[in-house]
Amino acid sequence: MLVTTTATLEGHKISRYCGIVTGEAILGANVFKDLFAGIRDLVGGRSATYEKELQKARDIALQELQERAAALGANAVIGIDLDYEVLGQNNGMLMVSASGTAVVTSPA
């Protein structure tokens, strides 16, 4: 499935708009990951633990979005927007939401 943040797909004609689709993922980091990430934050540098969790959440949200688009008969999603939030007590959870427009396209 083609997915893009743009409103069009170069070289493709949009023949049908199927509607807005979304995908969400909420992940929590466990206590040990939080502890080590906190230490990393104190001494500087990047937190590989949180970067991996962020990538995992983004992948889940985009996969869910594509599955919902396919269920509508779409073969592409355009105008994708990704949003990131922290939730929960002490901001211990990460939420990634993806939204876009499911469309049917064909080569131009």
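# A tour along helix α2

Start by selecting Glu24 and Arg68: their side chains meet in a salt bridge, with 3.4 Å from N to O. Here a salt bridge is a side-chain nitrogen of Lys or Arg within 4 Å of a carboxyl oxygen of Asp or Glu. Glu24 lies in strand β2 (residues 12-28) and Arg68 in helix α2, so this pair ties together parts that are 44 residues apart in sequence. Helices (H or I, at least four residues) and strands (E, at least two) are DSSP runs, numbered from the N terminus.

Before moving on, know that you are looking at a predicted model, in which local features need pLDDT of at least 70 and side-chain atom pairs count only at pLDDT 80 or more, while totals for chains, interfaces and linings use all residues. Residues are numbered from 1 along each chain as its sequence is written, and side-chain values use heavy atoms, with hydrogens and water left out.

Glu64 and Arg68 are four residues apart in helix α2, so about one helical turn separates them. Salt bridges with shared partners join Glu24, Glu64 and Arg68 into one network. The structure holds two salt bridges.

How exposed are these residues? Glu24 is partly exposed at 34% relative accessible area, Arg68 is partly exposed at 35%, and Glu64 is partly exposed at 22%. (Buried means under 20% relative accessible area, exposed over 50%, and partly exposed in between, using a 1.4 Å probe and protein chains only.)

**Now select all of α2, residues 48-71.** With 24 residues at 1.5 Å a residue, α2 should span 34 Å, and its end C-alpha atoms are 35 Å apart, which agrees. The expected span is 1.5 Å times one less than the number of residues. Colour Glu53, Ala57, Ala61, Leu65 and Ala69 to see buried residues of α2. After the helix comes Gly73, whose phi is positive, near 90°.

**Last stop: the largest pocket.** Select Tyr50, Val86, Asn91, Met93 and Leu94, which lie nearest its centre among 11 lining residues. A pocket is an open set of points on a 1 Å grid over the protein atoms alone, where a 1.4 Å probe fits, with protein on both sides within 12 Å along at least five of seven lines; lining residues have an atom within 4 Å of a point. Which element gives the largest share of the lining? That is α2, with three residues.
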